[in-house]
Amino acid sequence: MATQLCYSNWTNARPMLLSPSTPKFRVAVCGAGIGGLVLAITIGKFAGRDIHIDLYEAHDAITTAGAGISVSRRTAEVMVELGLYKKFPRPSSSYGLRLRKSNAPNGGFDVFKTFRQGSSMHRKDLIEIVEQSIPASCTVHFNKRLTKYDKQSPGSLILYFADDSTSTADVLVGADGVHSSVRKTLFEAIGPDTVDPSKIRHYSHPSWTGTFVYRSIFPAEKLSKLDPSNVALNDFIIFCGKGKHMVSYPVSQGTQINVAAFASDEQKAGTPFEGHWVSDVSLEEVKEAFQDFEPDAKRLLNCFEKPSRWALHVVNELPLFTCDRVALIGDAAHAMTPYCGAGAGQAIEDAFMLGRLLAHPLTTLDNVPVALKAYQDVRLPFSQFVARESKRTGKMFDFDAPDCYDGIDRGNEREEMEILKEKIIDQWDWESKGDGGAVAEWEKAERQLQEGSYN
C-alpha cells in the first residue's frame, strides 16, 4: 500500500537561534499511555534537552485500561534499546500455549499445544516501569484533554483543551487512543487533494467490530480452589467456539489470571454502537454468552470478579499517519483487534521509531515533515499488516475464517483441525514478516531520513 503525502507551506516557520539551553523545537504529545510514555522516553534518551516535550494526559494520573500485555520479541528489542528491559520481571524463554475446541458442553479437547517465545505481564506493571523513566526534558500536564488543534502564524500549532486552556507546540503527536482528537482534527482539516472528503468520517471515527469483550482479572488461587486441575492454571489457553472464544493466561508471576471472552456478531460489524463502550455487567450475562462451552471454561467464568463488557472498536485503515508537523501513533493510528496480542507492542514500535527520528541530529524544525514521512513510510504498512493478520486470526478462533474449519463436524473434524492448526501457527509468525525487527525498521527509516535531508 503506497502511503500518501501531506505537506503544507512551512517556510514562514520562525527562525531558531539555538544556544546550549535552547531546545531545537518543542514536541507536544497528547496521551500518557504506553505509546506516549515510550515516545517521551525515546526522545529524552536520544535528544537529551535538545527537544522539550510536553506530555498532556486527559486524566488526573497516568493510568491504563486492560490487564495483560504480550511482550513479543520485537517489543523486547525496543525495551533493550531504551535500557528498560532489565527492569522487566524475568520471564521464561517460552510459555505453553494451548488452543482448544471448547463449544462442547461435555468437554472440549486440545486442537494443539505448543510453546511460544515471549512472555506476558500486567499492563500496570509496564506502565510503572516506563513512568519511572520519564526524562527531565518532559513536562507532564494532567487533566488536559485535547479537543482540537490549529496552525498559527508563523507556523507553530495551537492546542485547545476541554478546560478552555490553550498551549502551543512545534510538533504534535497524537497518542490519544482510538477516540483520538488529533486524528479527528487532522482528517477534518485535510485538503480534498490529499484525502477524498467522503472518506473523512471513515478515517476520523472508530468503527465497531460487532464484538463484545468480557474482561476480568482474579487471583489464581480462586480458580485452583474451585478446580485444581483446570487447564487455565498454568498455560496460555484459547477456548474456541463458533462465533466466540476466550483467552486466559497467568500474569503477575502467576498469581493472577487474566481472562478476555469474545462474543462476535459479524452482521453488526461497522454499524453504529449505541451506549457506553465500557460497562459493568452481571456474571449471569457473561455465563449466558458462553453457556455452550466446556466445563473448564465455565468454571473459569465463575471466578470472574467485577466483570466488564467492552464494545470492541478499531480504527479503519488510514491513508496516512502524518500531515505537516502532526503525527499519529499507537491506537490513534491503528487501533486493532487483540487477537495477535500486538496492539501495545505496535504502539511501542511507533513511539521508538518516531522518537529516534525526531531526536536525530539531522532533524531540524524545517525538515520535521521529512522525518515524519520516514516514520509513516515504514510504520504504516507494517502496523496495518499486523492489524489485518490480527483480524484474520480472530476469525480462525471463532471458526469463521474463509477456507478454514467452520465448527461443523462433517466426519473429518480432526483433519480439519490439523489444517486450522497449521494456519494459526502461521498467523502467529507475523513478527518474522517485517524487515527483520524493530531496530532494523528504525535503521531503514534513518536511511530514508538521511537521503531526504541530503537531497
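**View 1. Arg356 sits over the face of Phe46, 3.8 Å from the ring centre.** A charge counts as over a ring if NZ of Lys or CZ of Arg is within 6 Å of the ring centre and within 35 degrees of the ring normal. Arg215 lies over the face of Trp310 in this way too, at 4.9 Å from its ring centre. A note before you go on: this is a predicted model, where local features need pLDDT of at least 70 and side-chain atom pairs count only at pLDDT 80 or more, while totals for chains, interfaces and linings use all residues. Residues are numbered from 1 along each chain as its sequence is written, and side-chain values use heavy atoms, with hydrogens and water left out.

**View 2. Phe321 and Tyr375 make a tilted aromatic pair.** Rings of Phe, Tyr and Trp (its six-membered ring) pair if their centres lie within 6.5 Å; planes under 30 degrees apart are stacked, over 60 edge-to-face and the rest tilted. Here the rings are 6.4 Å apart centre to centre, with 40° between the planes. Phe321 is in the loop between strand 17 and strand 18, and Tyr375 is in helix 11, 54 residues apart. Helices (H or I, at least four residues) and strands (E, at least two) are DSSP runs, numbered from the N terminus. Phe321 is buried at 0% relative accessible area, and Tyr375 is buried at 0% as well. Buried means under 20% relative accessible area, exposed over 50% and partly exposed in between, with a 1.4 Å probe and protein chains only.

**View 3. Phe382 and Trp430 form a tilted pair too.** Their ring centres are 6.3 Å apart and their planes meet at 40°. This pair links Phe382 in helix 11 to Trp430 in the loop between helix 12 and helix 13, 48 residues apart. Phe382 is buried, with a relative accessible area of 6%, and Trp430 is buried at 3%.

View 4. Asp296, Ala297, Leu300 and Leu301 are the ones to look for. The elements they pack against include strand 12, helix 6 and helix 7, where contact means heavy atoms within 4.5 Å.

**View 5. Trp208, Phe212 and Phe273 form one aromatic cluster.** Across the whole structure, a search finds 14 aromatic pairs.
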